[in-house]
Amino acid sequence: MQARLNLHVDEAGNQDLPEGLYIVAVVLHEHGDDVETPISEYENRLRLAGLNDVPFHGKDLLHGNEAYRTVSVGDRKRLLTQFARLARSLPVSYFVLRYDKRETHDRNELEARIRRDLVALTFDHLAFFQRFDSISVYYDDGQKVLSIALHDALEFVLANNVVDFREADHSACRLLQLADYVCTLERASIAFDSGMQTKTQERFFGNRRNFKQSYMKQLARKRFS
């Protein structure tokens, strides 16, 4: 059986950096590792708790937008708690790239820096990536700079016939939702570390100590290294 690695990619922020921050999250999953069991257990917990199975989207969950518009704050907190539990149980790893407008001034520079960082990371872990016969990349092409950087970097370091870019449906793929969750926590971590957390972040994550212990410490155990 051929060995396959799946990369699930999401971003937080706009490629023109109007908010001053851009985050890229990549979730790595070795295709043979069982994700169906923890996902089924997660879905069963939602049913037992009487919670609607809303596809995780961090920004909308925190602010009650889109699919969460009719979901109470209490139930959104419970959905967040259940997704955090799912994240802990999945056999995956992840890495994050962060970009600040103080150092990255426009979309051209952002694209170049993402490409450079992905190339460097892939070369640093080349033995790991070369274990796989194929690498499937799931990204919805939501932002052009990230899409171009992914193609350029991975195809530069790895053989073209190894990397396979696939259609990504956030609403149907739990691991894409997990990449969104990573972005959500990274954004909150930056805010808490700078003392600039919002009332909404405090409402859902508690104070800085609780956020670090209950969320970031658990997530950090899956950091790709």
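The following legends describe close-up views of a predicted model. Local features require pLDDT of at least 70 and side-chain atom pairs pLDDT 80 or more, whereas totals for chains, interfaces and linings use all residues. Residues are numbered from 1 along each chain as its sequence is written, and side-chain values use heavy atoms, without hydrogens and water.

**View A. The largest nonpolar core.** This core, a set of buried Ala, Val, Leu, Ile, Met, Phe, Trp, Tyr and Cys residues joined through side-chain atoms within 4.5 Å, contains 45 residues, of which L178, Y181 and F205 touch the most other members. Buried denotes under 20% relative accessible area, exposed over 50%, and partly exposed the range in between (1.4 Å probe, protein chains only). Helix 7 (174–193) is among the elements that each supply at least two core residues, and helix 7 gives the most, with 10. Helices are DSSP runs of H or I with at least four residues, and strands are runs of E with at least two, numbered from the N terminus.

**View B. Positive phi at E66.** E66 has a phi near 50°, a positive value in a residue other than glycine. Most residues other than glycine have a negative phi. E66 is found in the loop between helix 2 and helix 3 and is exposed, with a relative accessible area of 55%.

**View C. Positive phi at D141.** The phi of D141, likewise not a glycine, is positive, near 60°. D141 lies in the loop between strand 4 (134–138) and helix 6 (144–157) and is partly exposed, at 49% relative accessible area.
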